[in-house]
Amino acid sequence: MRAEIEELINAVTTETDCIDDIIDVIREQREAMRERDTDAVNSLMDEMRNLSFEAQTQENLRNDIAKRLAAKFSCEPKAVSLAAIMENDERAIFNGAADRLTQSIFVLKSEMMILNGLIDQNEQYTSMLLSEWRRLNGDNLSQSGPDGTQYGYDFRG
């Protein structure tokens, strides 16, 4: 296998591994949230930031290698165009790596949609609780009379 093709395949594989690690962290975050483990959630958020940075770095590296190969072989820096210039054995390995990357990106998007849905649901629930708390606190517990005098219920002993 040509070294430049192997370099591209390795870049695709490494990026995929980073994305798979992000997926694992998202799933762990969801479980930690379910268990109300704030320390674990915070730790996983830090890990997510680091993995996201690494995935972005790997994506940039993959793009650079693809552009360099595309320029060398006068083709587009896209998987289909790059696969066309490869020998059969290279193409089979590259297509497998590209398919795995595509699948990982699809799973990551799905996990992000689930996480965003949970965040939206939590935001709505929190807003509803806050609204109810304000209603109870404002309407029933402390009201002002026309002269500014405070009156209401006192639940202290």
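Guide: Let us start with a nonpolar surface patch of about 330 Å², made by Y125, M128 and L129. Please keep in mind that this is a predicted model.

Visitor: Which residues gather in the patch of negative charge?

Guide: They are D21, D24, E28 and E47, on the surface. Helix α1 gives the largest share of that patch, 3 residues.

Visitor: Why is E28 called partly exposed?

Guide: E28, which lies in helix α1, has a relative accessibility of 41%. Buried means under 20% and exposed means over 50%, with partly exposed in between, so 41% puts E28 in the middle class.

Visitor: How do you know that R34 and E31 form a salt bridge?

Guide: Their closest N and O atoms are 2.6 Å apart. The cut-off is within 4 Å, so the pair qualifies. R34 and E31 are separated by about one helical turn because they are 3 residues apart in helix α1.

Visitor: Why does a spacing of three places matter in a helix?

Guide: An α-helix has 3.6 residues a turn, so residues three or four places apart point the same way.

Visitor: Are R34 and E31 buried, partly exposed or exposed, and what makes them so?

Guide: R34 has 54% relative accessibility, so R34 counts as exposed. E31 has a relative accessible area of 33%, so E31 is partly exposed.

Visitor: What makes D46 and R49 a salt bridge?

Guide: The closest N and O atoms of D46 and R49 are 2.2 Å apart, and the rule asks for within 4 Å, so this pair qualifies too. Both lie in helix α2 (residues 38-73), 3 residues apart. D46, at 40% relative accessibility, counts as partly exposed.

Visitor: How many salt bridges does the rule give?

Guide: The count comes to 12. Among the residues involved, D17, D20 and R100 are linked in a network of salt bridges.

Visitor: How do you know that the span of helix α1 is close to the expected one?

Guide: Helix α1, residues 3-34, has 32 residues and reaches 47 Å from its first C-alpha to its last. At 1.5 Å a residue, 46 Å is expected, which is close. Just after α1, R36 takes a positive phi of about 60°.

Notes
Residues are numbered from 1 along each chain as its sequence is written. This is a predicted model: local features need pLDDT of at least 70, side-chain atom pairs count only at pLDDT 80 or more; totals for chains, interfaces and linings use all residues. Side-chain values use heavy atoms; hydrogens and water are left out. Helices (H or I, at least four residues) and strands (E, at least two) are DSSP runs, numbered from the N terminus. The expected span of a helix is 1.5 Å times one less than its number of residues. Patches are made of residues with over 30% relative accessible area and no salt bridge: like charges are joined within 9 Å, nonpolar side chains (Val, Leu, Ile, Met, Phe, Trp, Tyr) within 5 Å. Accessible areas come from the Shrake-Rupley method with a 1.4 Å probe; for residues, only the protein chains shown count as cover. A salt bridge is a side-chain nitrogen of Lys or Arg within 4 Å of a carboxyl oxygen of Asp or Glu. Lys and Arg count as positive and Asp and Glu as negative; His and the chain ends are not counted. The place of a charge is taken as NZ of Lys, CZ of Arg, CG of Asp or CD of Glu. Buried means under 20% relative accessible area, exposed over 50%, partly exposed in between (1.4 Å probe, protein chains only).
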